[in-house]
Amino acid sequence: MSKVKYYYDPESLSYRKIERKKRTTFTYALMFILASGLFGFLFVFIAGHYLESPKEKALKRELQNVQLQFELLNKKMDEAEAVLENVADRDNNIYRVFFEANPIPDEQRKAGFGGVNRYKSLEGFDNSKLIIESNKRIDILQKQIVIQSKSLDEIANLAKEKEKLLVAIPAIQPVSNEDLTRMASGYGMRSDPFTKARKMHWGMDFTAPRGTPVYATGDGVVKRADSGSSGYGRHIRIDHGFGYTSLYAHLYKYNVRKNQKVKRGDLIGFVGSTGRSEAPHLHYEIFKDGTRINPINFYYGSLTAEEFNKLLERASLENQSLD
């Protein structure tokens, strides 16, 4: 029950009931509503700045998790960049050097992306800088991986060619040491056995009995097996590819035919004394790009260091050749 208030009326000498005017009641009510609204606004304002709702807490945890994931991603990119840099260093300083290929410059490996802003759609967010930098690193890393992948493909192709070269290049003696009587004459100026005049001897003469096996010194294709060249008698020419050709002259007979593929060490013929020859022996020559070169440098595949030194000593003697 509400309290009733009275006031003393001196005119009537009595107490009268205080009647609240409607205007006053409205004013009080309006003030109460305004005060309540102001208090509510202040509460919401303070709560919004200093108190977190469950949804805000969830969003904050999610944001912290995203930031943590970006930090972990950047650490992984650091590791990937270090590994890729190590591979690139070996690629430039080992693989490409071994296969005689030009190294890839760092400017090409680590070049960025010019022109249009690729990351404009990522601007304007609270963590735009972090997101943009991470995307830039990923894009550059992907580009480096593509460059390195292409480089390794090139190295693989060079390795295949190198392997073909290593098995094709003439690298063994055409007559085994067990079958040799002696190494009669080497590459260089020698005395002609018929005219006695000094002239250039373009190969090496290996003295051996008639019928001694002659072997292919490298993989290749037989281009000639005939006696159509003056002075050589029955002879064989093998094209090894890469500009190399080997010639085996004064043969007794053949064990191969024209266009036949041969492997290093295959039996291709037998020592004889056909053509311009003074005694049974094998005259052996090597051509590189059509030019005769000294065969002495191509026996690393069948001789020990001691055997090679003895052969080198005998080949350097300016004696008389056998053809």
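Predicted model: local features only at pLDDT ≥ 70, side-chain atom pairs only at ≥ 80, totals over all residues.
## Group meeting: a sheet, a pocket and a ring pair

Let's start with two strands. E7 pairs with strand E13, residues 267–271, in the antiparallel sense, over 3 bridges.

Now widen the view. Which strands form the open sheet, and in what order? There are 3 strands, and the order is E7-E13-E11. The pairing is antiparallel. Look at the edges next. Strand E7, 213–215, and strand E11, 251–254, stand there. Each has a single partner strand, so one side of each is left without a neighbour in the sheet. From one strand to the next, the twist averages 35°.

Next, the helical part. UniProt, in an unreviewed entry, lists residues 56–90 as "coiled-coil region". What does the model show for that span? Residues 56–90 are 100% helix and 0% strand.

On to the pockets. Rolling a probe the size of a water molecule over the atoms shows where empty space is left. The largest pocket has a volume of about 300 Å³. How many residues line the largest pocket? The lining has 15 residues. Glu-81, Glu-85, Ala-88, Lys-110 and Gln-144 lie nearest the centre. Three helices each supply at least two lining residues: H2 (54–98), H3 (106–109) and H4 (128–168). H2 gives the largest share, with 7 residues. By type, the lining divides into 7 charged, 4 polar and 4 nonpolar residues.

Last topic: aromatic rings. The whole structure holds 2 aromatic pairs. Here is one of them, Tyr-187 with Trp-202. Why is this pair called edge-to-face? The ring centres are 6.2 Å apart and the planes stand at 70°, which is over the 60 degrees needed, so the pair counts as edge-to-face. Where do the two residues sit? Tyr-187 is in the loop between strand E3 (182–185) and strand E4 (188–191). Trp-202 is in the loop between strand E5 (198–201) and strand E6 (204–207). The pair therefore ties together parts that are 15 residues apart in sequence.

Key
Residues numbered from 1 in each chain as written. Heavy atoms only, no water. UniProt positions renumbered as here; feature names shortened; annotations may be inferred. Helix = DSSP H or I, 4+ residues; strand = E, 2+ residues; numbered from the N terminus. Pairing = 2+ DSSP bridges. Axes fitted to C-alpha atoms, helices over the stretch in contact; angles between N-to-C directions. 1 Å grid on protein atoms, 1.4 Å probe; cavity = no way out; pocket = protein on both sides within 12 Å on 5 of 7 lines; lining within 4 Å. Points joined across faces, edges and corners; volume = space filled by probe spheres on them. Nonpolar A, V, L, I, M, F, W, Y, C, P; charged D, E, K, R; others polar. Phe/Tyr/Trp six-rings, centres within 6.5 Å; stacked < 30°, edge-to-face > 60°.
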